Amino acid sequence: MKTQIINLLSQALKNLHINFDTNNIQVSQTTNAKNGDFSCTIALQLSKILQQNPREIAQNILSDIEIILKKSENETIEKIEIAGPGFLNFFISKNYYTQNLQKFLNQNKDIGKTNRLKNKVFIAEHTDPNLFKEIHIGHVMTNVIGESFYRLAQFAGANVKNVTFQGDVGMHIAKALWGIKNIGEALPLHKTPYEKQKFLGKCYVFGEQNFSAETGEGNSAKTEITQINKEIYEIINNPESNPELTKIYKMGCKWSLEYLETIYKILGSKFDHYFLESSTFTDGTRIVKENTGTKGKQIFTQPENAIIFEGEKFGYHTRVFINSEGLPTYEAKDIGLFYKKWEKYNPDYSLTITGGDQKEYFTIVKEAAGLINPEWKEKTMHRAHGILKLKTGKMSSRTGGIIRAQEWINEAQTNVLEKIEKQENSPLSEFSHEEKTEIAQNIAMSAIKYSILKVSAGKDIVYDEKVALDFSGNTGPYLLYSYVRAQSILKKIDTTTIHNNTISPRHAKITNLEKKFTQFESALEISLESLSSHNLANYLYDLASEFSSFYAHTKIADVTNPDYKYNIAIIQIFKNIMKNGLYCLGIKTVEKM
RNA sequence: GCCUGAGUAGCUCAACUGGAUAGAGUACCUGGCUUCGAACCAGUUGGUUGGGGGUUCGAAUCCCUCCUCGGGCACCA
């Protein structure tokens, strides 16, 4: 519709012999119905160029468009008005909307899916945990944001690959292994994966504290950890070089990976591939060395012992790719990851999600990667997000340490469960404890995910436990609730009577709800283009809000109502959009709550 | 010190990338369950968009300058 109006306008400008780049014609969807459905500021823009009153210009354009419309017998535009200083407001005919409604009804469960990225390979890399370390709320944030882009790309028709990059070599592992040896606690061999993971996390912190502590003459933690780090790289290629270390290392990796599976399941992510640092550092090291000094493309230098990339030449800062011990840093491992991604998938788009603290880091590595292979830079996108802070509640009062993802989710889930138990005349009263627990988890995850995604990506997020768990207003559970109510009606009615439901223009009202339907596709598109799902999140909130209003004022399941079939059709469309929209936010719907 | 984000209602956030009277939620107050699920709906109150200057028909948005806060700046990830 928008392009149709732009075409009309450019035709009119041509007829009036006005030179204006048609790409600069701005047509936007209005928020206020009295300003029509679409609005254009062309006359205001031209006013300066033509040295003429904007309303006069608008009038000229308007007259010309009316002639064009008459000639072409186009009836989608009902009327055009000049408003305010010279806005051209387009009112779209009811017919146009009913045709769209029919289309949406026919699309059924595929509503929102397009072919925009058809045959394009799209990699979404996110979550990126370090083995042996705790999974904290920052990982949840990266996961939720990344998973959403993965699903948005999927809806755009791309050949999507969901991947994560797990750190299984490096200093953090060395610290944890040293911790296991020195902490003086028995291994939790027969405990749950979560308990094992917690133990590893504790050992890491113990190692890290000893590593960073002011070391006196006799304190050898730093030296020992550095030595272990070297040995880890060795045992990956040759486990026989240190069987004892290999044993603990493999055990720890196994425990971490087992636990990660449980948390991925709760988060709702399924990965197509797990990249491990242990499988990228060899290629990374090789590629860096091949391009150091006078060799290869001469990208890296080695002024002292370390191999570095001099970012200053590009307006950034220097970063070390291979340290003076000859070991690869995260930078070199990332170069290896570029190599592996292209080897495995040859992507058209490769998106990486990280925390904001890695913004410049990533830019520099990408710059270096682009010098190795221009494609690596051109096709790579990066989304850095902010920090997640808890505002109120007992968890936020913690000082120091991190907040475990598991505890955060558990607390939210417990809160929901309590609310369900307390609810009078609960639709879930017949449900078993297990079923209620599962529903509570979905609702809790919707609250967590939505509170992350409704804010524009890149900004810090303040998660108010009190507000988010109130579940009223602009929250995930509100969206779920709107879906549940729509679904509840559809289950109640006799579906055979509305089989092959069609939209009859006679009954169509075209309120804000129907207009919202037409904006779903663009909400999906904008979210992916701008790498910020908050566009979709806010759209869904508006949609739910319009639905709730409609619901409160209309007796929908009333067969005697002449609009009965039309109303049911509206509910069907709403339900499908909400379900698919929530899917793209990574939120699983529930049937009852 | 250099680079880089951010500052909008008491609180948490929007504002279609320069457009119309800056919008939502929350909190406060008011009304609505004998009616498809009230985790809801309808309404009231709440603003010098951090301060100052500039650009133009028009600025939360662009430019300059201060103030405040976050992040980054060579062998961590």
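1. The expected span of a helix is taken as 1.5 Å times one less than its number of residues. In this predicted model, helix H17 (residues 476-492) has 17 residues and should therefore span 24 Å; its end C-alpha atoms lie 25 Å apart, in agreement with that expectation.

2. The buried residues of H17 are Gly476, Pro477, Tyr478, Leu479, Leu480, Ser482, Tyr483 and Ala486. They pack against H15, helix H20 (534-553) and helix H21 (564-584).

3. Helix H14 (residues 405-422) passes the same check: at 1.5 Å a residue, its 18 residues should span 26 Å, and the end C-alpha atoms are 26 Å apart, which agrees.

4. Burial in H14 involves Ala405, Trp408, Ala412, Gln413, Asn415 and Val416. Viewed down the helix axis, the buried residues fall within an arc of 155 degrees, so they line one face of H14. Glu418 and Lys422, on the other side of H14, are exposed. The cover over the buried residues of H14 includes helix H5 (137-155), helix H9 (243-267) and helix H15 (433-453).

5. Helix H2 (residues 42-50) packs with helix H3 (residues 54-72) at an angle of about 115 degrees, the axes being 8 Å apart. Their crossing is right-handed. On the H2 side the contact is made by Ile42, Ala43, Leu44, Leu46, Ser47 and Leu50, and on the H3 side by Pro54, Ile57, Ala58 and Ile61. Of the residues in this contact between H2 and H3, nine are nonpolar, one is polar and none is charged.

Notes. Residues are numbered from 1 along each chain as its sequence is written. Chains are lettered from A and ligands numbered from 1 in the order in which they are written. This is a predicted model: local features need pLDDT of at least 70, side-chain atom pairs count only at pLDDT 80 or more; totals for chains, interfaces and linings use all residues. Axes are lines fitted to C-alpha atoms, for helices over the stretch in contact, and angles run from 0 to 180 degrees between N-to-C directions. Helices (H or I, at least four residues) and strands (E, at least two) are DSSP runs, numbered from the N terminus. A crossing is left-handed if the near helix is turned anticlockwise from the far one by less than a right angle, and right-handed if clockwise. Two residues are in contact if their C-beta atoms, placed from the backbone, lie within 7 Å. Ala, Val, Leu, Ile, Met, Phe, Trp, Tyr, Cys and Pro count as nonpolar, Asp, Glu, Lys and Arg as charged, and the others, Gly among them, as polar. A residue is buried if 20 or more other C-beta atoms lie within 10 Å of its own, exposed if 12 or fewer, and partly exposed in between; C-beta atoms are placed from the backbone. The arc is that of the directions from the helix axis to the C-beta atoms.
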